[in-house]
Amino acid sequence: MENCPSHTFPQKESLEEHERRSQSGPGGNARPLHPDSQPAPANNSHQPSQSVVVTITDPRGLHLRSGRDVVRTASQFQARITAANLSRNSSAVDLKSILQLVQLQARQGHELQLAASGPDAEAAIEALRSLF
Amino acid sequence: MIGLVIVSHSAKLAEGVRELAVQMAGDEVGISQAGGLPDDAQALGTDAFKILSAIEEVWCEDGVLLLMDVGSSVMSAEIALEMLPEQQRRKCLLSNAPLVEGAIVAALHAGLGEPLQTVNAVAEAALSTPKLANTG
């Protein structure tokens, strides 16, 4: 496991990748990312948000079966949970959808930005990060 | 927990798709297959009676979702539903989802205990989920 929690983020490379993405943006249905998001401010405490960058360690990458476990875990939480593949400059996808998850085409070594927002965001991120 | 039926012209394809679906579902999801013609396992085609047996194999009160490949799979599945008693027929649903993607998604969500209409809706969302999106 080579996870790094959000408070150590932004890492230099990932931030640069994010900035490139923001400038050139894939457009279309791309959703905004907040890779540098910090714990929610007080005026938004009913919708806490949390994010983490995880590195794919499986030599086969993020495949169908490991994706199944991610979706099963994500589905246990109310929070809206997304993932973006920082290594491919992808836009964020819904982590509760197996077909969107495999769209990330995440290979070993790729960095994924997981982001959750909702009442149980923190618990969701904690549970999910252990799966990568 | 709903049941799933995989319908294909090819018995081998039906078996393979079922294999994928079983891997995505928990142990509690009943998944059956109806592929090829009854008299000759190698012959390509779909058969309403074979589909009917597959429905009965996984029948449960929560309902049964049928996933078909193309063309006459749909017709044969319709005929199979017409042969069911009304009480069972109204708990069966033909999905518009693509076979492989739909079976993977439906199996996973059936395993999460989601109801028939919800499972079908997420499976049919596969129609608008390209494989290669979001990279670039």
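This is a predicted model: local features need pLDDT of at least 70, side-chain atom pairs count only at pLDDT 80 or more; totals for chains, interfaces and linings use all residues.
Residues are numbered from 1 along each chain as its sequence is written, chains are lettered from A in the order in which they are written, and side-chain values use heavy atoms, leaving out hydrogens and water.

The axes of helix 1 (residues 11-24) and helix 5 of chain B come within 8 Å and cross at roughly 30 degrees. That makes the two helices roughly parallel, a label for angles under 35 degrees. Axes here are lines fitted to C-alpha atoms over the stretch in contact, with angles from 0 to 180 degrees between N-to-C directions. Helices are DSSP runs (H or I) of at least four residues, numbered from the N terminus.

## Who touches whom

On the helix 1 side of chain B, the contact (heavy atoms within 4.5 Å) is made by Leu13(B), Val17(B), Leu20(B), Ala21(B) and Met24(B). Helix 5 of chain B brings Leu99(B), Val100(B), Ala103(B), Ile104(B), Ala107(B) and Leu108(B). The residues of this contact divide into eleven nonpolar, no polar and no charged; Ala, Val, Leu, Ile, Met, Phe, Trp, Tyr, Cys and Pro count as nonpolar, Asp, Glu, Lys and Arg as charged, and the others as polar.

Side chains of opposite charge can pair when their charged atoms come close. Glu101(B) and Lys131(B) form a salt bridge, 3.0 Å from N to O (a side-chain nitrogen of Lys or Arg within 4 Å of a carboxyl oxygen of Asp or Glu). Glu101(B) lies in helix 5 (residues 99-111) and Lys131(B) in the segment after helix 6 (116-124), so the pair ties together parts that are 30 residues apart in sequence.

Glu101(B) is partly exposed, at 22% relative accessible area, while Lys131(B) is exposed at 59%. Buried means under 20%, exposed over 50% and partly exposed in between, using a 1.4 Å probe and protein chains only.

## Salt bridges in chain A

Over all chains there are five salt bridges. One of them joins Asp58(A) to Arg60(A) at 3.7 Å; Asp58(A) is partly exposed at 23% and Arg60(A) exposed at 55%.

Asp69(A) and Arg68(A) also pair, at 3.1 Å. Here Asp69(A) is partly exposed at 31%, whereas Arg68(A) is buried at 16%.

Methods:
Angles under 35 degrees count as roughly parallel, over 145 as roughly antiparallel, 65 to 115 as roughly perpendicular and the rest as oblique.
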